Amino acid sequence: KQLACARIQSQEGQDYLASMAAAANFAWVNRSSMTFLARQTFAKVFKSTPDDLDMHVIYDVSHNIAKVEEHYINGQMKKLLVHRKGSTRAFPPHHPLIPVDYQTIGQPVLIGGTMGTCSYVLTGTKKGMQETFGSTCHGAGRAMSRNKSRNTLDYKQVLEKLGKKGISIRVASPKLVMEEAPESYKNVTDVVNTCHAAGISKKAVKLRPLAVVKG
């Protein structure tokens, strides 16, 4: 049986937080390593330096993680453990936990689409802080399970569609192509427009993919 919940001060709760912190640290190091390798690759190909190529990390944030935060509950400030599953922080402008560079615009919210569609950067809002503990979704969300994607989609057709859009891809396994195909996910633009219309985050930048690496 799986553990549905546990008091955070219990041994189980403390063990969970410790394991989660270890996983978050691993993920942070992994992202940092991939960033370093990407910078080195661009520097080698373009015979320049990452700094001269302006390859700086704009923002880094953990998703699917629990954070101890203070929020208003029934008019009173309470200390809470906010567990964002399938979502990410979206704090408003002037929040003390936002880096100085983003104090005036709000926390960047990274919403990934798929390897064949667009992605978005949003910013946090005051309304989101009041209604969702400063949270917004962190992606489009799956429309098909991984198993259904593997059984339904054709590997070569997915690659062909990406090629027609001018998107390069390097993949370790064919099954990853089907699992992460655009058809496997909901329409990210519809999802982002819903968040924007609800006022829990605000659209800032739309991105399109040029190259995809699936390891």
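Mentor: Start with the naming: helices (H or I, at least four residues) and strands (E, at least two) are DSSP runs, numbered from the N terminus. With that, Lys47 falls in the loop between α1 and β1. The model is predicted, so local features need pLDDT of at least 70, side-chain atom pairs count only at pLDDT 80 or more, and totals for chains, interfaces and linings use all residues. Residues are numbered from 1 along each chain as its sequence is written, and side-chain values use heavy atoms, with hydrogens and water left out.

Trainee: What makes Lys47 exposed?
Mentor: Buried means under 20% relative accessible area, exposed over 50%, and partly exposed in between (1.4 Å probe, protein chains only). Lys47 has 74%, so it is exposed. Lys47 also has a positive phi of about 50 degrees although it is not a glycine.

Trainee: And why is Asn64 called partly exposed?
Mentor: Its relative accessibility is 33%, so Asn64 goes into that in-between class. Asn64 sits in the loop between α1 and β1 as well, and has a positive phi of about 55 degrees without being a glycine.

Trainee: Why is the pair of Phe42 and Phe46 called stacked?
Mentor: Rings of Phe, Tyr and Trp (its six-membered ring) pair if their centres lie within 6.5 Å; planes under 30 degrees apart count as stacked, over 60 as edge-to-face and the rest as tilted. The count by this rule is 2 aromatic pairs. Phe42 and Phe46 come in at 6.0 Å centre to centre with 25 degrees between the planes, so they pair and are stacked. They are 4 residues apart in helix α1 (residues 11-46), which means about one helical turn separates them. Phe42 is partly exposed at 41%, while Phe46 is exposed at 52%.

Trainee: What makes the pair of Tyr59 and Tyr102 edge-to-face?
Mentor: Their ring centres are 5.5 Å apart and the planes stand at 85 degrees, so edge-to-face is the label. Tyr59 lies in the loop between α1 and β1 (65-73) and Tyr102 in the loop between β3 (87-89) and β4 (108-111), so the pair ties together parts that are 43 residues apart in sequence. Tyr59, at 17%, is buried, and so is Tyr102, at 15%.

Trainee: How do you know that Arg142 lies over the face of Tyr185?
Mentor: A charge sits over a ring if NZ of Lys or CZ of Arg is within 6 Å of the ring centre and within 35 degrees of the ring normal. Arg142 is placed over the face of Tyr185, at 4.9 Å from the ring centre.

Trainee: How do you know that strand β5 is largely enclosed?
Mentor: Of its 6 residues (119-124), 6 are buried, so the rest of the structure largely encloses β5.

Trainee: What makes β4 and β5 a pair?
Mentor: Two strands pair if DSSP finds at least two bridges between them. β4 and β5 are joined by 4 bridges and run antiparallel, with Val109 opposite Leu122 in β5. β5 also pairs with strand β8 (residues 201-207), antiparallel over 6 bridges, and there Thr123 stands opposite Lys202 in β8.
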